[in-house]
Amino acid sequence: MQDKKTEQRGLLRKRLLAALAAGTLALSAQAQFESPSEGVYKDRVDWGVMMDLSGPASGSQGIWTNGFQAYVRSINEKGGVNGRRINVLAEDSRFNPAQDKINYEKLSTQTPVLAISGMGSSSSQVSLAPTIRGGKIPIVGTYTHTKPLSEPTSPLVYGGFCTYPEMAKAGVGYMTEKLKVKSPKVMVVSIESAGGVEYAQFIADAVKKYGGTSSLVTMKITAADVTPQVLEIIKQKPDFITIYGVGNTAILTMKAMHQYGLKIPAFGISYLMSPQIYAAIGPEAGPNYNVISCFTPGGADQSAGNKEMMAAADKYNHSAMKEDVNYVAGWVVGQMAVQALQLAGPQPTRARLVEAMSKGFTVNSNGLAAPIVMTPTDHAGPSRFRMIGYDYGAKKYVSFGEFADYEKYMK
Amino acid sequence: MFIQVLLSGIALGSIYGLVALGFAVVFKATDVFNFAQGMFVAFGAYFAVTTINLLGLPFPLAVAAIIAASAALGVVIHIVLIQPLSGRPMLSVIMLTIALSIVMRAVIEILYGVQSRTLSTPMPTGIFLVGDVRISQLHLVAAGVSWLCMAAFGAFFKFTSIGLLMRATADGHEAALVSGVNVKVMNRLAWAIGAGLAAIGGLFLGQLQIVSPELEHIGLLALPAVVIGGMQSIPGAIIGGLLVGLIEQLSATYISPKSSDILVYVLLLAILMVRPWGLFGQRELGRV
Amino acid sequence: MTATVLRSGALRAAAPSPWRWLWLALAAAVLLYLPILLTERQIFGFRLSNMMLLNIGLSQVNLMLITMLGALSLNYLTGSAGLISIGHAAFYAVGAMTAAITGSQWGWPFPLVLIAAGLGGALAGLLAGLPSLRVRGLYFVLSTFAVHYLVVFAFMEYQFKFFDVVGVPYKNATLGSWTLSTPMRWYFFLLPLVIFIYWLLRNSLRTREGRAMQAMRDHELAATANGIDVRFLRLKAFAFSSAIAAMGGALYAYYLSNVTSEFFGIQFAIQFIAMIIIGGMGSLPGAVVGAAVWLLLPSIITGLTAQAGDTTGLLRSVLVDHKPQLVQAIFGMLVIVLLIFAPWGIAGMATRLKARLTAWWSRS
């Protein structure tokens, strides 16, 4: 009799202890969740960036990284996300595609991260696409867009820079309307590259809607003189031209056109917007040059996001960069990363992050870009544009209209 | 239209010729194939940014400072790097200049950041209209200055005593040493000249486009120029530069932009097969 | 150079000591365990930090092995046959192009593709070596420089014409039914291959022809006077080394599964020369060391600079904001220092050290 009672009491005690233990464990797990093999620790989260930080593309990609790091730093100063600060591990691709394969391995197993942003090299994206798609690490906010990585839409990949088809539509639509031409004749001035050929195709498609024609003329990426290309422009007499390439492409083309007395309006792709480019083109040729962009450079308008970014840039010694579209792009992808991380909850893992993002989310950049809508089937990235120009007198950017005004060109 | 392209080819070619001349002087004097010549061009452009844009010096003073600084850099590099390696196999020296260009590029990126810079000089940016042909004033100035430099150095080498001594030293080191010529000083002078000429080229290129470490690649085009013209020949380097500039512009206009690089290298290969010492060089005799 | 030849001859005469077998067994054990170590990042359950493994991963080791083929073949060409070439990136491109034609377009199985790439490289090498019949030394280097640009242009045209703008795709790296789908599988495929090529090159240098080649390198006129057909030998050396490089190029293409013409730029070409100089010209083990140093050192330096931690001011600006540039600068300076103070490369230094140690040991 006695034994049974003691037995029962013992069992009850055991059960109580077990319940107590489970409760404590649950509480502590909540407060101190960590998953080091995925870069999540008690007080910080490791987040990876893969970009060209040295070499020819570092002029834009290095600045993008600075923008990203600046936004993350501003969030860390406010306490981070769910009590964790974000630690950015930026790996240099060194303009060497094989290096990205090494960097991806580093960020997945050697110094594991929760997610990766950036991925500036298109060849690396194509090369790593099978590995990324079959892996577990989400890519939040790519700097460039390639088919193998983004088509078909993967729950792991989210675009972070202006999408080309919409860029072409918005640019062609705006110019056609502004110049009041019936069937626009457009020329694409591009560097000899894969992306240039693709962009020219998007322009051709956009122009076709208005019953116009387009053609392509190319130059070397390290060209020092573009007389042959300008002579071609003179021969064809387009209504307006669009420029694809690097800063030099835009500068040489605009300066040469000015030299030949051509006043043909031109618009560059979103990447080609920085104070250096405008300064090099000069106040005589500059007014003919605008940029179709999904991001708003510092000072182009007075939105809350713009002011916040300018303040942070000045604080962190990035004042020279805040008018560079790459800086803004990095900052906005920083916003994307932080908002995605918030969606993942207080116990983030790679799987939870992917699940949260793939349900669909909208990135609010406070006015720096139109709301970036990610749906379960569309991860393309910022796809709303407006034309930005430069006022040499006031020494600041001018934005022509709001993002919503360009909606009509998107059909 | 043809004249337009021709003129732009001559303008570009003059700048190549300037860089090629610097290259040839260094090669003739010290037997070093300086792969870092392209970086000297970039350094010249960046010195220009510092003196003109950052320090705001008056233009003539800035130009003098640029040339002096580049020349000093050339001398320092010779003393620290080239001299210790004299007598080593050629491949080692080439590799050294390549490593040097890597270090120089990294230093530029650390000092000036990775963003490209604009150069705003008081040089004219307008146009002359001669009939149907538009001549950029900047191109004209660049070509003019290049020709002036090349003529000045031509005269220097031919008529002044130092110039003669340099040529003598380049032709035979032992003989020069025996004659009491300070070979070290001659070599340093050669490197100073090579770097200085590259810097002037950098100044013009920086004004024509944008200042970035990518200017190095334009300097690399001076290599085929120098070989086509004749590596041991001063006038050869100049002619080679002009030829490369003309081929580039003419082929870009009449064939396709892609073809310009290839044609230059095809010509290079052809010259090497048929007349390896270049158009104006001298046949080298092999000694047992 | 001569010391190495004599020593290897002496080694052949002596019977392999038991020490040698122990070294070989140890080396084999290390090489076999290495990929597991790099993937698991732990040893006997003890988790290793990134820096303990010198910031190196298995992908890096695989890429090093692929590039080592280029270093070995260039070393064979330059150090043993006396021909300097900047064209090795071009032969990698030829290999990649041949692999694209036979593999991606015609659908040949992987092993055949590799052989085809080798043959394509040999043919290209034969053609590229033709200027050597006319010019020597620096002029020949320049001809390889020109060949490089022409080949890369040809690859670009080929890529744009037959394939997508983003690059040439390579799929199905399979040996029979075994697919090379993970870095570990690649490692266990590449390691024996590289060892085999190394053995092949070393033995070819010990043949009569190999010695004739070294004679040609040392003093061409004397070699000709002795009845060696210098021109034929040169072309043969070029073709052989290019075949190996082309095979490396095909492997590179399959490993990355997508290549463009930009992959084979002048930077890629220069790295091979850097490797053999760092390792020591004319020394096959030197090529191995040179490849390892050139490819692994930047990662090690990056890892070390990351350890520098939190600093402020100018140091922060250089260390954090410009870390990649700092790595490049340190790296370039190391190469320069090595070139000035150790002209025979690391292998040369090792030989000298060994000689000194042996002398000291025999004296005491």
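This is a predicted model: local features need pLDDT of at least 70, side-chain atom pairs count only at pLDDT 80 or more; totals for chains, interfaces and linings use all residues.
Let's begin with chains A and B. How many residues does the contact take from each? Chain A gives 33 residues, and chain B gives 33 residues. Together the two chains bury about 2600 Å². Of that area, 57% is on carbon and sulfur atoms.

Now the polar side of this interface. Six residue pairs are in polar contact across it, both partners at pLDDT 80 or more. There is also one salt bridge between chain A and chain B. Which residues form the salt bridge? On one side is A:K220, and on the other is B:E248. Their closest N and O atoms are 3.2 Å apart.

Which elements of chain A touch chain B? Those giving two or more residues are α2 (58-77), β7 (213-219), α8 (227-236), α9 (247-259) and α10 (275-285). The largest share comes from α9(A), with six residues. By type, this side of chain A divides into 15 nonpolar, 13 polar and five charged residues.

Staying in chain A, look at A:A311. This residue sits in helix α11, residues 304-315. Is A:A311 buried, exposed or partly exposed? Its relative accessible area is 47%, so A:A311 counts as partly exposed. The cut-offs here are under 20% for buried and over 50% for exposed. Next, take A:K322, eleven residues from A:A311 along the chain. The C-alpha atoms of these two are separated by 9.5 Å.

Over to chain C, and helix α5. This helix covers residues 110-129, which is 20 residues. From first C-alpha to last, α5 of chain C reaches 28 Å, close to the 28 Å expected at 1.5 Å a residue. Its buried residues include C:F110, C:V113, C:L114 and C:A116. Several glycines are on that list as well, among them C:G118, C:G120 and C:G121. What do the buried residues of α5(C) pack against? Their partners in chain C are α4 (88-105), α6 (137-162), β4 (174-175), α7 (183-206) and α10 (230-256).

Which residues does C:T144 touch? Leaving out residues up to four places away in sequence, they are C:I84, C:S85, C:I86, C:G87 and C:F238.

Technical notes:
Residues are numbered from 1 along each chain as its sequence is written. Chains are lettered from A and ligands numbered from 1 in the order in which they are written. Side-chain values use heavy atoms; hydrogens and water are left out. Contact means heavy atoms within 4.5 Å. Buried area is the accessible area (1.4 Å probe) that two parts lose on being put together, summed over both. A salt bridge is a side-chain nitrogen of Lys or Arg within 4 Å of a carboxyl oxygen of Asp or Glu. A polar contact is a pair of N or O atoms within 3.5 Å; within protein, one must be able to donate a hydrogen and the other to accept it, and residues adjacent in sequence count only if both atoms are side-chain atoms. Helices (H or I, at least four residues) and strands (E, at least two) are DSSP runs, numbered from the N terminus. Ala, Val, Leu, Ile, Met, Phe, Trp, Tyr, Cys and Pro count as nonpolar, Asp, Glu, Lys and Arg as charged, and the others, Gly among them, as polar. The expected span of a helix is 1.5 Å times one less than its number of residues. Buried means under 20% relative accessible area, exposed over 50%, partly exposed in between (1.4 Å probe, protein chains only).
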